[in-house]
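Please open the structure in your viewer and keep the sequence at hand.

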Amino acid sequence: MLDELFKANGGVLHSLLTALNERLYANEGRELKLPTISFFGASNETPNPYDPEERKYLPLLDRFDLKVKTEYIQDREQRLALLEKKEKDEYDAPLKTQLTMDELGKMQKEVKTVTVPKELDMAMDGVMCAMRAAGYPISDRKFLGYHRIVKAYAWLDGRQTADKTDLLKLINYLWMEPSDIPGIKEILEAHCLDRTDIEIGKLREQYLASYHAYQNDRANGCTVEGIIKLRRELVEAYKAAVQLKGEAHGADQSKIADLLDEMEEKNRIAHEGTTLTHLPLSELALLNDL
């Protein structure tokens with residue numbers, strides 16, 4: 001675990017390149033083999049890929065395959081729960097998931113057997129070219145190393161062959177500057193999704209944002225006003241989904257039907273424990289049109 005990684009001086013950071021790649025570390029002229037499986041890093045600051053003075057550190061950042069930006073706690077209930085745990089000194093929760101070295105080795109061998117079709121290579125090449133055209137930094141190392149990431153995602157999903165949905169999960173593999181995440185996400189979607197998939201994704205984000213906002217309001221004691229607002233926003237998303245379904249064909253219609261079922265389920269759950277009668281979104285849409 002390399003904590004506050006980029007507060008180290010240039011010499012230390014440079015020496016980590018071979019440690020991360022070849023598992024070798026030079027110490028006073030002697031090369032030491034590192035019996036390391038994985039490296040994890042944490043930092044409150046990362047090199048700016050657009051600053052010429054800091055670009056020298058990008059090869060090191062590039063060697064960390066997956067990067068996650070941690071935000072402040074957004075949910076009020078979670079903040080209060082964490083504060084309570086802190087006061088009770090309950091940070092040391094037992095580990096829920098543990099792996100033996102044999103299990104890890106078996107998983108790694110199985111991941112290597114997952115197939116990556118040539119069409120994914122073509123799509124990924126398009127993503128790389130589009131990122132470079134838009135000015136986002138992406139090295140050949142990232143392009144040449146993406147197989148192991150999508151293989152792992154496919155394996156975790158129980159599939160023996162990777163598909164374009166696995167490429168969509170590469171967002172945390174590709175970004176070098178957190179502010180670039182939305183733009184890179186758009187590039188991935190443009191190369192991996194058709195129009196219907198993109199519209200379904202937007203509608204899903206729209207209705208889930210409304211639902212989670214209602215849940216937060218409800219936790220703070222707001223029920224009737226909140227459910228009325230949620231109804232209005234769910235109906236808006238429902239109508240857009242119905243219109244999209246009318247324009248779709250075949251498998252796309254089935255995807256949209258699943259989306260409508262999701263919305264209806266959230267509508268039902270939201271009404272539980274309220275004074276308002278649950279009405280299906282189809283009926284609410286008709287009432288809204290009257």
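How many bridges join strand 2 to strand 3? Select residues 24-27 and residues 30-33: four bridges join these antiparallel strands. Strands here are DSSP runs of E with at least two residues, helices are runs of H or I with at least four, and both are numbered from the N terminus; two strands pair if DSSP finds at least two bridges between them. This is a predicted model, in which local features need pLDDT of at least 70 and side-chain atom pairs count only at pLDDT 80 or more, while totals for chains, interfaces and linings use all residues. Residues are numbered from 1 along each chain as its sequence is written, and side-chain values use heavy atoms, leaving out hydrogens and water.

Within this pair, Leu24 stands opposite Lys33. The two strands form a hairpin with two residues between them, and Glu28 in the turn has a positive phi of about 55°.

Next, select Leu167, which is among the residues that touch the most other members of the largest nonpolar core, a set of 26 residues. Such a core consists of buried Ala, Val, Leu, Ile, Met, Phe, Trp, Tyr and Cys residues joined through side-chain atoms within 4.5 Å, where buried means under 20% relative accessible area with a 1.4 Å probe, protein chains only. Helix 5 (118-133) is one of the elements that give two or more residues to this core; helix 5 gives the most, with six.

Finally, select Lys151 in helix 7. Lys151 is in contact (heavy atoms within 4.5 Å) with Val111, Lys112, Val114 and Val116, leaving aside neighbours within four places in sequence.

Terms used: Buried means under 20% relative accessible area, exposed over 50%, partly exposed in between (1.4 Å probe, protein chains only).
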